[in-house]
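Thanks for coming. I will go through one model today, with the coordinates on the screen.

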Amino acid sequence: MYAKLALRSLKRSVKDYSIYVLTLVLVVGLFYSFLSVTSPYYAAQLPISINLSYLSQEMGKLIPGSTILLSFLIVYVNSYIMRRKQKEFALELMIGMERTKVGLLFFLETFWMGAIAVIAGILLGIFGSQIISSIVLKSFGEPFWLRLAVYPDTIGWTLLFFWGLFFLVGFMNMRVLKKKHLLSMLSSVECGNSKKWDRSIQGIVIAAFFLTLLVESLLCREMLPIIMRVSAKIRIYVGLWMVTMLLLAVCVLWFLKKCYKNQESGKAEAALTAASFVDIGLAFACAGILEDGVKQGALPEYWIMLPYFYGAVCLVMAVILFYTSVSWLALNRIEYQKTGKYRNLFLFGQIRSNIRAISKTMGIITVAMVTGLVITGWMPTLSGEMEGYLKERSVYDLQIFTVRHGVEQGKENKRIALDFSYIADYLKDRQVAVKSEIRIHSYYLQEEDEQEEKPILGIAVSDYNKLRTLSGEKAIVLSDNSFALQWEKKVIPKDMQAFDEKYPSVRIGNTQLNKMADGNYQTSVGMGLFTGNVKAVYILPDAVCEGLKTATDYYVANLEEVLSIEKAEKINEEMSVWLEALSENRQGSGYIRLKTLQLNQGISNTLIQRLCTTYISLILIIVCATIIALQQIMDAAEHKKRFLIIKKLGADEKQMNQVVNRQVGLWFVVSTGISSIVSMGILTVICVKSYRNYINYVPLGEVLWKIGLVYLLFWLIMMAYFAAACNLFKKNIEV
Amino acid sequence: MDNILRIEHIEKFYGSRGNVVKALDDISFKVAEGEFSGIMGPSGSGKTTLLNCISTIDMVSAGNIYIGGKNITELKEKEMARFRRENLGFIFQDYSLLETLSIKENIELMLSVNQVSVDEAEEKILKIAEELGISGILEKFPNEVSGGESQRCACARAMVNKPKIVLADEPTGALDSHSSKLLLQLFEKMNERRNVTILMVTHDAFTASYAKRILFLKDGRVFTEIRRGSKNRKEFFNEILDVMAVLGGDLSDVR
């Protein structure tokens, strides 16, 4: 009986919630699609060379964890429905229904909606999982084939997760309903937006205020004693930051005073927004300076993260306040723009009536969308960089190398010599057939280099050529009395050129060597040559190396057969134990790298990053678009009368459509525009700052193309939601 | 005087097969230009249905309605909105003011919908506000003024664009007696000075007594019609009460 009643009630309000149900279907579909690759049923269908256990383990935690974001949407929609239905609940209570039954009826209504969405979402997910599967297989270099992705465990987890979420929210609703007074339900006024945002924004502002005071006092305590010892540039930056923080604190007090007195606080909000943005810029500018201070031991370690954390808190506050202050400025401008206001009077009234409440929601939505856009926009480049680096370091089947004698990463390491014959015997014992192997050393150019923190080492050209040959590259020839350089892949030509200009020659003992023309190489020669965070190795004539002190040993082999994961793990474990035993302190003596494991872990890591960030961003953007759309649809449902009035006054269909499109479009365009601009700014900073890390793996054109694609997809999603919102809005105001 | 409104044999049915209700049954009457007419009748007599049909909000099932010589029953959906905003003025029981706009903006809205120029609009608003005594509250919002002031604002909105006819649906229904009296005096004044044609639906005899002519509806038909003529308002009020007694209205309808 109750189920039937709930279903009928749901049918009545279906047009209000259709966009919410659509989002639920999409989110469940995404959840199922991404989770399906963690299923053992899926893994069983894969070739044996692919081991997804690490990927499954990590994604199994990350996907449900990030879907918690959806609970905000569910809670938002439920609280709205509850507000609208208060009178209905009151009526049910008055005719003698028990509170538990009223609550149960409401729970069933929302549960029906969720249950239908989850089932539809799973069906969508079965198709969607093909796309995720094709990404996984492509990453591992395997061909894609269609499969029916119906996995009982994934279905079970999806049902358990979402139905659990609905049960939890339903239970909370029932509790709220139990505590509500009948009288307050009866006298409830349907209002567009609750006042809660006002309190929450004040909460954020107060939090930012205390954080500002904390950072300011910490800076005073830790920077002032050393302020005269640092450079003038640092003094200026940190000084400016401290001054703006004080300014921000004053603006916060002004804003809170206005809030307390319940006065129009447009000016205070605008001042606080401006101060926040300046403060954020200076916080990020000082972050690098303070990090250097930490590295030099002058400042505590928390200064590495504190400026970023502070900047993030201020950014949330600034974006939220930005909307209110811009709205305030815009409304003031419109007041003076007589004709513009006169032609759009109704729209003007609509915006003015809920601008304060919507601004705060919009601010939070923008922060979420910016996060989503930055993550998705940057992820393809980061993945490209990771994949490029993976290819570079996993060029050989087996690599074993020692770390150099001296100081490395603050640790004292003693010279460790690799017993190459032990390795050969070990491999023979384990029945690992070696196709070709190389045993080489790197050398200190000067005796005193041994005590240096980051000396550039050298290798004999014959040894270098062996590595090149094994990598499938041609050997090089050094001209008389010359040297060349092998660089790490990520070093950019500009840096190599700068080095060439600074060090055109090198003196080793009594021999002077000059840089060979075109003597910069970036061939992939594995990991053993760059062990101490040094990005280059000198390639020296064999004769010069004869008298030099050995720094590290490097064993490289290509095998007859590809190692299985199990065998590779076994070798890795045993060889690591052996390597550790070579060192006095049983650590940091050297490393073993097996291609099979490198590829599996590397690809899995890249995949986890790509899939999870794409998933989180999609959820964020979809949830945000849904909230913007729902806000407008709810406005239409709650204030239908306003539209009826202008219709009665003689507004024709064209004018009505114009009003609806402008009202709905305004918030979509503003939120999409601002999040696009802010995220583009952040992406530009990242692009410039990490240019050196990615440019040799991912060309700039490709970076921009991929970012462009992300924005195109984002705008398409927003347009789709805008169209749906307009449509439902018009249906809601129909007589 | 020309007839602004001419109604010929209109009928209105509600419901579907097997459950048909006849809300209006062969109603015909005329309203001349500058006439202040009222429609009275007990609940369910068809007053609001008739007003809705005249205001193009509802469609008649049969018959014709002419406003300013134009047969509005033949208007297409698109033409109706245009016709409504150019020829009709509305006053509702609940004022129907947009709480999002100030009193001035609410009046301005009507002119904006009609695409009147900004300067002309400003002039018209100030003039009508002066006439209706709401100049002092123009910048206020509907929730900041009294019911009487709100209804005067609605009145200004209805009349500012000089419509052919003003349709008032229970305009004093939500007002106290003092505010009602003030509003009705304004109706009289606007009717006399501006020659505004007003058609008012009411179930209240006191309100109806301000009109010059009353049409009584019963069960969807015109039961009778009375004219004030040279009678004073008190005499006309008594006459209305007499008709109501015959009609079957109870004493609560009589003030």
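Trp705(A) is exposed, at a relative accessible area of 56%; exposed means over 50%, buried under 20%, and partly exposed in between, with a 1.4 Å probe and protein chains only. Before going on, the basis: this is a predicted model, where local features need pLDDT of at least 70, side-chain atom pairs count only at pLDDT 80 or more, and totals for chains, interfaces and linings use all residues. Residues are numbered from 1 along each chain as its sequence is written, chains are lettered from A and ligands numbered from 1 in the order written, and side-chain values use heavy atoms, without hydrogens and water.

Trp705(A) sits in helix α25 of chain A. Helices are DSSP runs of H or I with at least four residues, strands are runs of E with at least two, and both are numbered from the N terminus. Met680(A), Trp705(A), Leu709(A), Leu712(A), Trp715(A), Leu716(A) and Met719(A) make a nonpolar surface patch of about 730 Å². Patch residues have over 30% relative accessible area and no salt bridge, and nonpolar side chains (Val, Leu, Ile, Met, Phe, Trp, Tyr) are joined within 5 Å, like charges within 9 Å. A salt bridge is a Lys or Arg side-chain nitrogen within 4 Å of an Asp or Glu carboxyl oxygen. Areas are from the Shrake-Rupley method with a 1.4 Å probe. Helix α25, residues 700-733 of chain A, gives the most to this patch, six residues.

Now chain B. Six strands make an open sheet of mixed pairing, in the order β6-β7-β8-β3-β9-β10; two strands pair if DSSP finds at least two bridges between them. β6 (88-91) and β10 (221-227) of chain B are at the edges with a single partner each, so one side of each has no neighbour in the sheet.

Which residues cover the two faces of β7(B)? Ile165(B), Leu167(B) and Asp169(B) lie on one side, Val166(B) and Ala168(B) on the other, and all are buried. β7(B) runs parallel to β6(B), joined by four bridges, with Gly89(B) opposite Val166(B). β7(B) also pairs with β8(B) in the parallel sense over four bridges, and Ala168(B) stands opposite Met200(B).

The other sheet is open and antiparallel, with four strands of chain B in the order β2-β1-β4-β5. Strands β1 (residues 3-14) and β4 (residues 62-67) of chain B are joined by five bridges, and Leu5(B) has Ile67(B) as its bridge partner.
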